[in-house]
Amino acid sequence: MTSLTDRKNAAISRGVGMTTQIYADRAENAEIWDKEGNRYIDFASGIAVVNTGHRHPKVIAAVKAQLDRFTHTCHQVVPYENYVHLAERLNALAPGKFAKKTIFVTTGAEAVENAVKIARAATGRQAIVAFGGGFHGRTFMGMALTGKVVPYKVGFGAMPADVFHAPFPIELHGVSVEQSLAALKRLFAADVDPARVAAIIIEPVQGEGGFYPVPTAFMKALREICDQHGILLIADEVQTGFARTGKLFAMEHHDVAPDLTTMAKSLAGGFPLAAVTGRAEIMDAPGPGGLGGTYGGNPLGIAAAHAVLDVIAEEKLCERADQLGARLKQRLAAIREKAPEIVDIRGPGFMNAVEFNDVKTKLPSADFANRVRLVALEKGLILLTCGVHGNVIRFLAPITIQDEVFAEALDILETSILEARG
Ligand code: PMP
């Protein structure tokens with residue numbers, strides 16, 4: 001009989017990479033079961049999508065209720081009240097004490113595309129500055145903004161023009177805040193007139209790039225540079241948003257208000273929904289019909305997002321993210337005593353990561369991170385790697401994970417790291 005993997009290989013483009021061969025049968029909160037009945041603890045959350053857990057009862061109830069009323073009208077044709085209401089809620093919740101407006105789209109990449117369109121329309125400028133190691137999606141502008149060539153850009157031809165990259169400040173890798181700011185200054189002197197820059201886009205905690213938090217001093221300096229040159233600041237909160245970092249939005253850690261915020265992933269707890277929220281006058285720059293899309297703000301996603309926001313508040317998920325993250329980091333610190341491969345443990349709230357080097361060469365070891373991931377998978381724990389060097393394991397468990405399941409996962413994590421040492 002042909003295995004599912006063989007069928008997948010025959011039917012699906014290899015361009016869609018897969019990190020496991022587990023075919024999901026059902027999932028509940030922080031656990032997934034496959035067709036054979038094997039059970040896994042999910043520390044990936046579908047890449048940061050189910051902060052509120054798989055099938056949170058409130059999210060499912062809200063979507064079921066919506067399913068029984070209508071599933072699609074296209075808000076541009078026949079609008080619906082809960083779309084407007086969700087915009088009102090996000091306008092009130094997103095960082096920044098100013099009037100805001102929102103649009104809904106379907107994916108994170110689309111949110112980024114639209115933020116760039118809005119920034120260009122509002123400023124009449126063209127250029128965009130992003131950061132090395134950053135990830136902003138797989139559409140053409142998303143790719144251009146992404147600060148990593150392999151696998152995201154290789155073979156895909158010319159990128160949209162007028163996108164520039166500055167080095168992201170990572171002290172651990174020898175780039176200080178001062179050096180990164182100096183490089184930005186050099187970029188403005190050597191490559192692009194800041195008067196032509198529409199926006200600077202940054203992830204408050206770099207996600208795919210390695211879970212590196214932006215130092216507050218850097219974020220504050222960026223805000224000043226933007227204000228000085230009339231540049232808009234876009235916070236890409238697609239991965240950091242919705243309680244993951246211990247705040248609803250990671251920008252709250254810096255007390256810096258971006259002009260535009262992109263969101264997706266955990267916004268709708270497992271249903272496709274994304275948004276751009278920003279200063280009202282900037283959001284109104286594009287003309288009618290310039291923004292939108294057939295599925296943007298799909299009623300099921302909107303219904304789910306309302307429930308997600310309720311659950312985050314009712315279950316105090318920001319506080320819980322801090323508690324879980326503290327336990328995880330404490331455990332990793334204890335493991336570090338026995339595993340010198342661990343060179344860094346970091347991350348705000350429950351957006352945590354551990355970074356590995358080879359003990360002999362002292363160089364980043366993707367091999368070690370991957371070994372840990374595979375051993376853990378064997379033992380029933382789904383982990384994700386990340387980082388420009390691939391040597392980071394990032395932890396993205398649902399923030400609703402039950403204490404006993406979390407404790408079990410931490411034991412598997414410890415054994416896996418120790419076993420990966422050989
Ligand atoms: N921005 C960031 C910060 C992301 O982490 C991602 C997805 N990993 C995206 C944009 C793209 O989102 P999507 O895959 O939904 O298009």
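**Helix packing, ligand surroundings and backbone exceptions**

Arg320, Leu324, Arg327, Leu328, Arg331, Leu332 and Ile335 in helix α11 meet Asp403, Phe406, Ala407, Leu410, Asp411, Leu413, Glu414 and Ile417 in helix α13, where contact means heavy atoms within 4.5 Å. By class, the residues of this contact of α11 with α13 are nine nonpolar, no polar and six charged; Ala, Val, Leu, Ile, Met, Phe, Trp, Tyr, Cys and Pro count as nonpolar, Asp, Glu, Lys and Arg as charged, and the others, Gly among them, as polar. The model is predicted: local features need pLDDT of at least 70, side-chain atom pairs count only at pLDDT 80 or more, and totals for chains, interfaces and linings use all residues. Residues are numbered from 1 along each chain as its sequence is written, and side-chain values use heavy atoms, with hydrogens and water left out.

**Helices α11 and α13**
- The axes of α11 (residues 317-336) and α13 (residues 403-420) come within 11 Å and cross at roughly 25°; axes are lines fitted to C-alpha atoms, for helices over the stretch in contact, and angles run from 0 to 180 degrees between N-to-C directions.
- This angle makes α11 roughly parallel to α13, as angles under 35 degrees count as roughly parallel, over 145 as roughly antiparallel, 65 to 115 as roughly perpendicular and the rest as oblique.
- The α11 and α13 crossing is right-handed; a crossing is right-handed if the near helix is turned clockwise from the far one by less than a right angle, and left-handed if anticlockwise.
- Helices (H or I, at least four residues) and strands (E, at least two) are DSSP runs, numbered from the N terminus.

**Helices α12 and α13**
- Helix α12 (residues 366-378) packs with α13 at an angle of about 130°, and their axes are 8 Å apart.
- That angle makes α12 oblique to α13.
- The crossing of these two helices, α12 and α13, is right-handed.
- Phe368, Arg371, Val372, Val375 and Ala376 of α12 make the contact with Ile412, Ser416, Ile417, Glu419 and Ala420 of α13.
- The α12 contact with α13 has seven nonpolar, one polar and two charged residues.

**Helices α4 and α10**
- The axes of α4 (residues 81-93) and α10 (residues 299-314) come within 10 Å, crossing at roughly 40°.
- The angle makes α4 oblique to α10.
- The crossing in which α4 passes α10 is left-handed.
- Asn82, Tyr83, His85, Leu86, Arg89, Leu90 and Leu93 in α4 meet Pro299, Ile302, Ala303, Ala305, His306, Leu309 and Asp310 in α10.
- Nine nonpolar, three polar and two charged residues form the contact of α4 with α10.

**Ligand surroundings**
- Residues surrounding the ligand include Thr107, Gly108, Phe135, His136, Glu203, Asp236, Gln239 and Lys265; a residue is near a molecule if one of its heavy atoms lies within 4 Å of it.
- A polar backbone atom of glycine 108 is 2.8 Å from an oxygen atom of the ligand.
- A nitrogen atom of the ligand lies 3.4 Å from a backbone N or O atom of phenylalanine 135.
- An N or O atom in the side chain of glutamine 239 is 2.8 Å from an oxygen atom of the ligand.

**Backbone exceptions**
- The peptide bond from valine 150 to proline 151 is cis, with omega near 5°.
- Proline 151 is in the loop between α6 (140-145) and β6 (163-166).
- Serine 45, although not a glycine, has a positive phi of about 55°.
- Serine 45 has its place in helix α2 (residues 45-48).

Notes. Polar contact = N/O pair within 3.5 Å; in protein donor to acceptor, adjacent residues only side chain to side chain.
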